[in-house]
Amino acid sequence: MLETSIAGLRLKHPVMNASGILGSEPEHLEILAKQGFSALVSKTITLNPREGYPPPIIVELRNNGLLNAVGLANPGARVIPVLARKARELSKPLILSIGGSSVEEFVKLAELASEAGVDAVELNLSCPHAEGYGLELGSDPMLVYRIVKDTVSVASLPVIAKLGLTDRVIESAGKALEAGVKALTLINTVKAMSIDVYTLKPVLSNKYGGLSGPPIHPIAVRVVYDVYREYRAEIIGVGGVSSWMDVAELMLAGARAVQVGTALIWNENIVDEILSGLHKWLIDLGYNSLMDLVGIAVM
Amino acid sequence: MYYPAKITGSEKLSKTLYLKRIKILSDGIKEPLPFQFLLAWVPGVDLLPMSVADFSNGEVVIIVKERGEGSRALIRLHSGFLGVMGFYGAGFKPWSYKRILFIAGGSGIAPFFYLARKACEEGVSVDLVWGVRGGDELFNPRSLLNTVNKDTAIYVATEDCSAGYCGRASMLASRVIHENPGKWDLVIASGPQGLLREVCSLLSDTGIELYVNTETLVKCGVGACGSCVLKPHPLLLCKHGPVFRCRDIEGFLKGG
């Protein structure tokens with residue numbers, strides 16, 4: 001009833017974790033697997049290890065949002081086979097998120113991911129707070145095209161592009177599809193800032209960060225809707241999901257699967273709650289399969 | 001949650017330990033559980049994980065040990081503003097036990113005071129073994145202990161042999177436990193990893209439940225960044241801890 005498929009991966013249900021919460025160490029994957037996700041998504045891995053920014057790297061906001069500028073901290077490409085092995089041990093498909101500051105870096109990482117036998121790669125073209133990475137690349141549709149094209153040509157596994165909120169996100173999505181991605185992940189965190197009104201300074205050491213959590217959910221629904229309407233593409237919806245109804249909205253807007261990030265911080269039972277909510281929703285509507293509802297709100 | 005805050009009191013307790021009172025400047029902060037912790041943000045300098053030594057009416061007490069640039073900046077901050085994030089961790093409510101022996105090393109004593117007050121409200125007694133390297137690190141724990149904790153016994157050890165028992169906290173604890181069989185049904189050790197490891201091995205045959213208050217690198221506090229994972233265990237200090245049963249984190253204790 002809740003089965004889905006995305007980028008050629010057949011999944012028991014549509015809920016995976018969003019890249020960025022844990023996911024850079026094998027122990028992290030164990031913690032994520034216990035939550036019941038149908039597939040695991042790693043933290044973004046770069047070719048070389050990155051320290052990330054000094055703390056504060058995360059701020060819990062008054063509006064139930066979360067602001068982060070972790071700075072793509074990760075152990076580098078050497079962890080790829082370690083994560084792949086752990087995911088196999090846990091019997092979970094692994095989508096490896098990779099990030100680079102050049103076309104060549106993405107290509108090299110996609111090769112390493114293929115060798116390690118992960119199930120798919122998700123290109124991080126949307127992190128809003130790392131100079132030379134992520135959104136700085138993803139906001140240029142022609143650069144998206146080149147990165148995807150070259151990555152797809154060397155990768156023996158499905159390639160997914162994760163795009164974020166920009167004025168040209170629909171155009172970037174089109175270029176990614178044209179260059180051969182199997183699916184799009186929409187959206188990433190939204191560039192934002194928080195200032196302490198007594199110390200009179202931005203709280204994050206990087207000043208700017210990415211906003212996640214409930215405040216960005218309607219933005220994600222809009223972007224998924226627009227991209228689905230334009231291309232009828234396979235989409236993983238992500239952004240502020242904290243209940244089954246948030247998942248349902250993203251699916252009606254065109255997502256075949258969803259990712260949950262920030263909500264994990266406050267709710268360890270989030271996956272189970274979403275799945276039982278979706279199940280009841282299908283029964284209430286008289287549907288046999290969740291897939292029949294994908295994109296139904298789009299016209 | 002992030003809260004703007006202000007230092008409202010400072011006190012030098014000993015050569016290396018300082019007490020800070022911090023007033024939270026926005027509403028909505030909930031009373032922490034024992035062993036939940038906060039991250040203190042000294043703007044432009046550092047973010048420091050701190051145990052809660054006391055909490056009431058939106059005011060937190062912490063005990064800071066001078067050890068690096070960040071802690072020195074926090075100690076110097078006499079009446080300024082800072083940020084407080086928390087309270088983080090699962091905390092620990094050992095209310096099913098009768099009498100707890102708290103074994104502290106150095107500034108690991110900080111959460112003892114809050115635990116002792118809460119334990120008393122729950123009808124649980126707590127005694128203290130406190131070890132430090134040099135006698136100049138000591139202060140009188142009773143001066144910070146709530147007056148309700150009248151029956152609390154305090155044992156002190158110094159490694160420079162200038163006061164109390166001559167040796168480490170773990171050795172003194174082992175001795176008082178053998179001298180008072182059956183007195184305690186729970187041990188909580190708090191301090192450097194060496195102390196935690198010694199307590200877990202030295203006291204393993206006493207039949208007392210053994211827990212440790214762990215320390216490691218904490219960057220975000222909310223279970224997102226994964227810095228505080230207690231390798232090789234799938235456990236996060238900031239989410240599942242910081243207090244763990246010795247036998248649940250054997251690999252971590254061995255590795256440190």
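My entries on the model follow.

**Ground rules.** I am working with a predicted model, where local features need pLDDT of at least 70, side-chain atom pairs count only at pLDDT 80 or more, and totals for chains, interfaces and linings use all residues. Residues are numbered from 1 along each chain as its sequence is written, while chains are lettered from A and ligands numbered from 1 in the order in which they are written.

**The sheet in chain B.** I traced an open sheet of seven strands, ordered β4-β3-β7-β1-β2-β6-β5 (chain B), with antiparallel pairing. Strands here are DSSP E runs of at least two residues, helices are H or I runs of at least four, and both are numbered from the N terminus. Two strands pair if DSSP finds at least two bridges between them. β4 (46–51) and β5 (54–56) of chain B are at the edges with a single partner strand each, so each has one side without a neighbour in the sheet. From one strand to the next, the twist averages 35 degrees; such angles run from 0 to 180 degrees between N-to-C directions, with axes fitted to C-alpha atoms, for helices over the stretch in contact.

I then checked β5(B): three bridges join it to β6 (residues 59–65) of chain B, antiparallel. S56(B) sits opposite E59(B) of β6(B).

**Helices on the sheet.** Helix α1 (residues 69–76) of chain B lies across β2 (17–24), β3 (37–42), β4 and β6 of chain B, at about 75 degrees to β4(B). Helix α2 (residues 110–121) of chain B touches β4, β5 and β6 of chain B, and its direction makes about 50 degrees with that of β5(B).

**Where the chains meet.** The contact (C-beta atoms, placed from the backbone, within 7 Å) takes 24 residues from chain B and 25 residues from chain A. On the chain B side, β1 (2–12) and β7 (81–88) are the elements giving two or more residues.

Which peptide bond in chain A did I find to be cis? The one from P55(A) to P56(A), with omega near 0 degrees; P56(A) is in the loop between β4 (40–41) and β5 (58–60) of chain A. In chain B, the bond from K231(B) to P232(B) is cis.

L22(A) is no glycine, yet its phi is positive, near 55 degrees. Is L22(A) buried or exposed? L22(A) is buried, with 28 other C-beta atoms within 10 Å (20 or more is buried, 12 or fewer exposed, in between partly exposed, with C-beta atoms placed from the backbone). K207(A), also not a glycine, has a positive phi of about 65 degrees. K207(A) counts as partly exposed, with 14 C-beta neighbours inside 10 Å.

Note on methods:
Contact = placed C-beta atoms within 7 Å.
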